[in-house]
Amino acid sequence: MAIQHASEWDRDAALTTARILLEIKAVNFRPEEPYTFTSGWKSPVYIDCRRIIYFPRARKTICDLAAEKIGRHIGYETIEAVVGGETAGIPFAAWIADRMMAPMAYVRKKPKGFGRNSQIEGDVPEGKRTLLVEDLTTDGGSKIRFAQVLRDAGAKCDDTFVVFFYGVFPGAFDTMKAMNLNLLHLCTWWDVLEVCRERPYFEEPALREVRRFLENPVEWSKSHGGIGSAEEAAAKGITAA
């Protein structure tokens with residue numbers, strides 16, 4: 001089921017982001033040879049948000065939209081620090097922090113193992129309302145891990161932002177909600193499909209297969225050799241981005 005946009009502004013921002021991702025070829029459709037995520041899910045689609053950093057006008061527009069969305073949904077003077085998740089979240093956190101005139105740090109996946117053995121670099125935003133930034137999320141696993149590291153260090157981390165949210169795998173919103181972690185995103189695969197109706201970026205057979213995946217991602221993954229439930233991923237101790 002497609003995720004409903006909160007307002008017309010949110011919808012316009014989502015479609016603009018989707019058009020940019022398609023233009024810079026960050027969108028990949030491969031139904032005949034599915035991608036396997038670290039979580040174990042199989043998918044005919046893959047998004048490479050790292051490509052955004054190479055295109056100055058694309059990244060400016062996306063980061064402008066990100067800062068505006070954060071202001072609209074969280075507050076323009078609410079966030080006291082912005083922290084990027086290693087590694088893809090670091091450049092986006094830096095650009096967004098610059099627009100928000102906020103301190104910026106980044107959080108490692110694990111302590112670096114030498115020197116001060118730090119897991120948070122820059123400075124620890126202890127006691128500050130902190131926004132965790134990454135490029136994308138599939139099932140929300142890495143957001144939860146990073147947010148816990150920040151909370152354990154004394155930060156108030158209740159909000160996370162990503163450019164792209166897959167918006168299909170079960171449990172992502174519920175898991176983050178249970179942790180009191182609010183997810184903001186610019187666009188999803190549903191927005192990409194809507195833009196694909198405007199221009200023939202991909203052949204219709206590929207689009208049809210992607211629609212089938214979006215309508216029932218669990219069954220699609222299972223029938224293509226991937227895991228078939230969020231519980232299965234949790235049982236294996238696997239989480240994705």
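The model is a predicted one. Its largest nonpolar core holds 57 residues, among which Phe161, Phe164, Tyr166 and Trp189 touch the most other members. In soluble globular proteins, nonpolar side chains tend to be buried together.

**Nonpolar cores**

**Helices H1 and H6**
- The axes of H1 and helix H6 (residues 189-196) come within 9 Å and cross at roughly 75°, which means that H1 is roughly perpendicular to H6.
- On the H1 side the contact is made by Arg11, Ala14, Leu15, Ala18, Arg19 and Leu22, and on the H6 side by Asp191, Val192, Glu194, Val195 and Cys196.
- Sorted by type, the residues of this contact comprise seven nonpolar and four charged ones, with no polar residue.

**Backbone features**
- Most residues other than glycine have a negative phi, and most peptide bonds are trans.
- Glu86 and Thr87 are joined by a cis peptide bond with omega of about -10°, and Thr87 lies in the loop between strand S5 (81-85) and helix H3 (89-100).
- Lys25, in the loop between H1 and strand S1 (27-29), has a positive phi of about 60° although it is not a glycine, and Lys25 is exposed at a relative accessible area of 59%.
- Asn180, placed in the loop between helix H5 (172-178) and strand S10 (182-187), is not a glycine but has a positive phi of about 60°, and Asn180 counts as exposed at 57% relative accessibility.

Definitions and conventions
Residues are numbered from 1 along each chain as its sequence is written. This is a predicted model: local features need pLDDT of at least 70, side-chain atom pairs count only at pLDDT 80 or more; totals for chains, interfaces and linings use all residues. Side-chain values use heavy atoms; hydrogens and water are left out. A nonpolar core is a set of buried Ala, Val, Leu, Ile, Met, Phe, Trp, Tyr and Cys residues joined through side-chain atoms within 4.5 Å. Buried means under 20% relative accessible area, exposed over 50%, partly exposed in between (1.4 Å probe, protein chains only). Axes are lines fitted to C-alpha atoms, for helices over the stretch in contact, and angles run from 0 to 180 degrees between N-to-C directions. Helices (H or I, at least four residues) and strands (E, at least two) are DSSP runs, numbered from the N terminus. Angles under 35 degrees count as roughly parallel, over 145 as roughly antiparallel, 65 to 115 as roughly perpendicular and the rest as oblique. Contact means heavy atoms within 4.5 Å. Ala, Val, Leu, Ile, Met, Phe, Trp, Tyr, Cys and Pro count as nonpolar, Asp, Glu, Lys and Arg as charged, and the others, Gly among them, as polar.
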